[in-house]
Structures are given as C-alpha cells and as structure tokens.
Amino acid sequence: MTGASLSVAMTAELNTALRSHLLRPDGDEDICLATYSVSTGARRVTHLIDDVLLPGREDRIVHGNATIRGEYVLREATAAAAAGRGLAILHSHPRGRGWQQLSRYDHDAERSYATLVREVTGLPLIGLTLAGGDGAWSARSWDTTEPTWSESVRVVGGRLEVSWNDALVPKPAAQAAQARTVSAWGEAAQADMARLKVLVVGVGSVGLDVALRLAASGVQHVGVMDADVVERRNLDRLVGATRWDARLRRRKVAVAARLARRAATADEFTVEQHAFSLCTQQGVAAALDYDVIFSCVDRPWPRAVLSSIAYADLIPVIDGGLDLAPHPQGGILRASARFQTVVPGNPCLACSRQINMSEVTLERQGLLDNPGYLEQAGRQSQDGAPNVAAFSATVIAGLLEQFVVLTAARRWEVGPPIQHIFSLQTRRTLEYTTGSACSMEGRLLAGDRRVSLVG
C-alpha cells in the first residue's frame, strides 16, 4: 500500500521466546528468522510476527556480531512462501537501549537478502533489532534497496508494551494541564500512552464519555466510530449533547468530536470521525489503523467483529456493557455491569459468554431488526434495552480502568472479565476457559487471512 505507515506487532509469549534466544549469557549478538502475516488497514500496514524459526548449529556464526547463512534464509523463505507468509530477520544489540538504527554492517547484511526474500515470498523482508538494555524493538521493511522504517513495534499480552520510533512519532512533552495525570504513573508511561491511536466504537452513553476522558488524559489521536445520529430519546444518556443536536439530527461522531476537542489536553490533538458501521469492509479497515479499541456497542455482531480483530490482528479490545432489567411491578429486577480486555491469553467474547454467536448470525441476516421475526420468536428489539446515565458511569469507570492497567500501570496485567453487581455493591471475577473449537482464538495472528464477519 503506497504511502501507508508501517508497524510490527507480536504476542508477549513470542517476545519472551525471542528474548531468550537473542540475548545470550555471553553478551554476544545473536540472530534468527521468523515468519509474519500482514494486516492491512486503511492507512497502516502491520506485520504480525507469528512464528520463530530458530537457527540450527550450521545456520549462523556468532563471533561478537552474528552472521546468518544464505542456505538458512533460502530454506525458510521457501517454507514461508508455501504457507503464504513473509520472512523477518531479527538480531540483537545486547547493550542497546531504545529504537536502534542500523550499522553499516547490519544494513548491508539485511539488504543482501532483501531481494532474495521478496522474489521467493512475494513480500518484503522485515528487519527487527532487539535492544538488550531495555527490551525495546525497532523494525523496518525492505521494499527497495533502502529500508522504510516502522512507526512502532507492539508487544501484546496482559500489558501493551510499545517501542516507538521517535523520529516518526515524536515523544510529546507533558503539558501543565496534565500534571495530575502524569503524577499517577510518570512521564515515560504518559508519553507512551499519549502516542497510542485509540478508537472508540459506539459513542452512545458509554463511548462518548470514554472518548472525552481519553482526550482529557492526553491521548493525542482518538477515533470515534458510529453510524447513528442524535435523537431526543438519547439526551438522558448522551451527556454533553444538546437539544439542538437532536433537532438537527447531528451525527453522534460529530458531537463526540466536538466535546473531545474541548476536553483535550494534548498540545497536538486530533479526533477522527468514522460515520459508518464497523460491520463493513470500510469499518474493519479503519479499525486496523488503531493500537487499542474500545468496544462500546450493545449489539452482538460488531462485538464479534471486534473480538475477531483482537486475535487475528493483535489489537487489544476493551469491552464493556450493562445488563439492566426493570421489575414488572416497578423498581429494578436485575442490574450489573461487566468489562474485560480481549487479548491473547484471555478468552474471546464468545468463550466468555459476552456474545452468543447464534445471535450474531441472526443480526447478520437482519432478523434482530425484523418486527415480524421478533414477534414470532417472542423477542424484544435490542434497541429498546434499558440504559441509564447513572449506571453507565460504572461501565465507563471499568473500561478506563482496563485501559490504564493495559497501557500505563507497567507492572499490572489485565485479567479475566469483571462483573459489578449493583444490588450487592460488589465485584467478582468471571473465570472462563477457551472453547475447544474457538474460531476466534484459533485465528490468532491471521491478519488479512482472518475469517470475515462483515458484509
């Protein structure tokens, strides 16, 4: 994709395996190969490192530096091509820190194999360097005789760890308006969090407030996605939307963008409006440009699409919702909030029973919006599900808590789904395991080979 930005992503488990091989006890550099899949967004291409190909005894020479043999590259490039994958070459700088540039030796070594790899696999050679001093990665793509540098390398697990290319994504200076925020986790964590591109899918009662608080926290680039418009019946939940917005039927993304700009504390803040459904090719392509996605929707189909993206494209999805049922004789029968982060190692939204895949099928067929079907099946329209601003605040708090743990807490990790039961004023963790035939977690790192749920 001409003009697209580049990134690289890998799982925390694979990162651990690579560190174990590349950071030698004797302090010498080491080298290996890996395969990758491609995840193509609207404006960004991500190379998903999906398998480590450790060298045999005769495949490389370690002599302070490390030299890789051509036979090893040709053998693994041929196998990668047969599997429809690309090839990456990875080496270490044991005493390096931060984003590493290429020495002349490393540059010439990678360039010498770039043409061969492209001819065999049809995809560019990806080069990665691991800095042993702080565990930072750097990455580049060899489409031509000179490398094109990636903007970032993301390691995704219970935490999201990002190595940033400061030349392409400069480290933002902390603002005076962010002093209290920075004091909570420090300037380094704030700079990393602020550079994330964060998408909020669904800017109703929950998503609207999430977008505003991300902007207030200093996140520089927020995206909002929603195909709906503001109506009078939304005003008791869309805090900040006006009667004039409802009268003009303004798009929810336009209202969210307006309010986010007012709340923003970053020196350079952008909010991108996506006034279309996630459940389209256009929606998925836009979502793949982001580093973290908030799922603030109450329908099963978009939740299923997001759950699939979390594994196939390695983008953490923070999901939450409210279960509220009125009592037939007045008052509340049942009320609880739930939130979780979908990443490798945690169960998907289907395995954790946040969505029912049969409901996804019905929605894709249009039956959940078909009055005749709903009457015949004895069901109510999901658009009529009760939701109130007072209870939404608990969901909002839970989602933002998950975001902080994932991105800024450093030593904490996101875990199982959490349920808040209003009647008991208590929280509990929900222990689920992955289903034996889970189609979502089974497509981990599939990228563009994901099973499509859109259309």
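Analyst: Q425 is found in the loop between strand 18 (418–421) and strand 19 (426–429). The model is a predicted one.

User: Why is Q425 called exposed?

Analyst: The cut-off for exposed is over 50% relative accessible area. Q425 has 59% relative accessibility, so Q425 counts as exposed.

User: What makes the phi of Q425 worth a remark?

Analyst: Most residues other than glycine have a negative phi. Q425 is not a glycine, yet its phi is positive, about 50 degrees. R353 also has a positive phi, of about 60 degrees, and is not a glycine either.

User: Where does R353 lie, and is R353 buried or exposed?

Analyst: R353 sits in the loop between strand 17 (332–342) and helix 11 (357–364). Its relative accessible area is 66%. Exposed means over 50%, so R353 is exposed.

User: Why is S7 called buried?

Analyst: Buried means under 20% relative accessible area. S7 has 1%, so S7 is buried. Its place is in strand 1 (residues 5–11).

User: What makes the pair S7 and R154 a polar contact?

Analyst: The limit for such a pair of N or O atoms is 3.5 Å. The side chains of S7 and R154 make their polar contact at 3.1 Å. That value is within the limit. Leaving aside neighbours within four places in sequence, S7 is also in contact with other residues, including R44, H47 and S150.

User: How do you know that V156 is buried?

Analyst: V156 has a relative accessible area of 1%. The cut-off is under 20%, so V156 is buried. V156 belongs to strand 10 (residues 152–156). Not counting residues up to four places away in sequence, V156 touches M10, T11, A12, L314, P316, V343 and P344. The C-alpha atoms of V156 and L406 are separated by 9.3 Å, though these residues are 250 apart along the chain.

User: What makes a residue such as L214 part of a nonpolar core?

Analyst: A core member is a buried residue of a listed type, Leu among them, joined to others through side-chain atoms within 4.5 Å. The largest nonpolar core has 58 residues. L214 is one of those with the most contacts inside it, along with V210, F294, L399 and F403. Helix 13 (residues 389–407) gives the largest share of this core, eight residues. Apart from this core lies another, of 40 residues, with A34, I68, L102 and L128 among them.

User: How many cavities of 30 Å³ or more are there, and what lines the largest cavity?

Analyst: There is one of 30 Å³ or more. The largest cavity has a volume of about 50 Å³. Its lining is L160, E161, V162, D192, M193, L196, T407 and R410. Strand 11 gives the largest share, three residues.

User: Which residues are closest to the centre of the second largest pocket?

Analyst: About 620 Å³ of space lies in that pocket. Of its 27 lining residues, D134, V162, S163, D192 and R410 are the closest to its centre. Strand 11 gives the largest share of this lining, five residues. By class, the lining has twelve nonpolar, five polar and ten charged residues.

Note on methods: Residues numbered from 1 in each chain as written. Predicted model: local features only at pLDDT ≥ 70, side-chain atom pairs only at ≥ 80, totals over all residues. Heavy atoms only, no water. Helix = DSSP H or I, 4+ residues; strand = E, 2+ residues; numbered from the N terminus. Buried < 20%, exposed > 50% of the residue type's maximum accessible area, 1.4 Å probe, protein only. Polar contact = N/O pair within 3.5 Å; in protein donor to acceptor, adjacent residues only side chain to side chain. Contact = heavy atoms within 4.5 Å. 1 Å grid on protein atoms, 1.4 Å probe; cavity = no way out; pocket = protein on both sides within 12 Å on 5 of 7 lines; lining within 4 Å. Points joined across faces, edges and corners; volume = space filled by probe spheres on them. Nonpolar A, V, L, I, M, F, W, Y, C, P; charged D, E, K, R; others polar.
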